[in-house]
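Subject: Structure handover

Hello,

Here is the structure, with notes on strand pairing and salt bridges below. Please keep it open while you read.

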Amino acid sequence: MTVEKGSMSIDELERIEVHGIPFGYKIITNNEGNTEIVVLPSPDEAESFNLKLKHFSYETLMLIRSKYFFGINHRAQMLEVIYNTFVALYKKEHKETNDFLTLQALYSEMIMKLGTILEDFAGMCYACKEYQLNGSDIAQVFLAYSDPTSFYKSIIEKKGKRKIKQIFDLPQSKGELNKIFKNLSEVEAGLLMKAIESSVTLIQDTFRYISDTIIRKTEESLTYNDIYNKTKHGFSPIYPFIHPVAQIIPLDTNELSIKEFISNKFFETLTIMHDKLPGQRTPEEQEQYKYKRLASPLFTYEYINADIATDVKILVEHITLIYRHLMKKYLRIAEGNNNMLLLLHEDILGEDEKRKVEAIINDESRYNK
């Protein structure tokens, strides 16, 4: 299938609706005498779409539109389905072996979904920052990006708020604010800066929430991001109950029967095989890793429970809110609309202040065009 970019006449197209989406089409004969069909999705939007190509590349515009209208929601909805299935099975009173295996699989899938969302969100935020600072093509930066951990570390550091303002195209100071708006009173400028800071704080709080799942507290700690990477490459889960090898396990509670204790350790716990982390390797193992690229296998155990699953679900909900807000901003930029867009929270601003801020930022006549 060849993608036809740019303008296209729609006057002679036949119209058809497929799964609720309008299409235009025309059957043609090419220069070689072969029959082809030209298909134009959403033909009534073609003119508007082509105007947006003045601001973004075709690939960037397709990426942003796909994320905003479907992609972000799709991933969040899929995680919701997995979560609901997990909780229903988790609450089942009498579980068989296959139930525990299914819980492990569902838990692993939740971690997989979280990991892809974390990578996706970091890559897009970084690409938007590069666009704002250097005019880089968002799609090209996004596709090449591969270090989400470094991004999330940087965004919660001292200059993190500055980076958030760059990503979301927000002014850094009252001086910049007065370049965007005209005839701002001191009271209005102060209120807008308060709204900007509260919006940035709300966004950074989510990044801090993310950091708890992706950034190691010590060299020996395994994060959700580590679990995601091991699961992604097939190193998780491992099923120790099928291997006839004796294991010595500390008997850390007297409240469980032997049967319950074994169930807890072998069936209700996700076993992850991974290379030892830098703080876990012996000097000999470090040499082996450095010069021979050989791992030192280690098993880590992650107890599966509904509280952890709920934490993952809530985190994704927070990311979804901010990610959609970001894509909405860049869809506006694609339209040539650089008006301010804020995440306004009534608990911080109050209803009256929120209303006053919205009145300013939604008033076209207040902007310096």
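Two strands are taken to pair if DSSP finds at least two bridges between them. Helices (H or I, at least four residues) and strands (E, at least two) are DSSP runs, numbered from the N terminus.

This is a predicted model, in which local features need pLDDT of at least 70 and side-chain atom pairs count only at pLDDT 80 or more, while totals for chains, interfaces and linings use all residues. Residues are numbered from 1 along each chain as its sequence is written, and side-chain values use heavy atoms, with hydrogens and water left out.

Strand β2 (residues 21-29) pairs with strand β3 (residues 35-41) in the antiparallel sense, over seven bridges. K26 is opposite V38 of β3. The two strands make a hairpin with five residues between them, and G33 in the turn has a positive phi of about 85 degrees.

The whole structure has 18 salt bridges (a side-chain nitrogen of Lys or Arg within 4 Å of a carboxyl oxygen of Asp or Glu). One of them joins D120 to R75, with the closest N and O atoms 2.9 Å apart. D120 lies in helix α3 (residues 97-134) and R75 in helix α2 (residues 58-90), so this pair ties together parts 45 residues apart in sequence. D120 is buried at 8% relative accessibility, and R75 is partly exposed at 29% (buried means under 20% relative accessible area, exposed over 50%, partly exposed in between; 1.4 Å probe, protein chains only). K67, R75 and D120 are linked in a salt-bridge network.

Another salt bridge joins K92 and D99 (2.9 Å, N to O). K92 is partly exposed at 36%, whereas D99 is buried at 11%.

Regards
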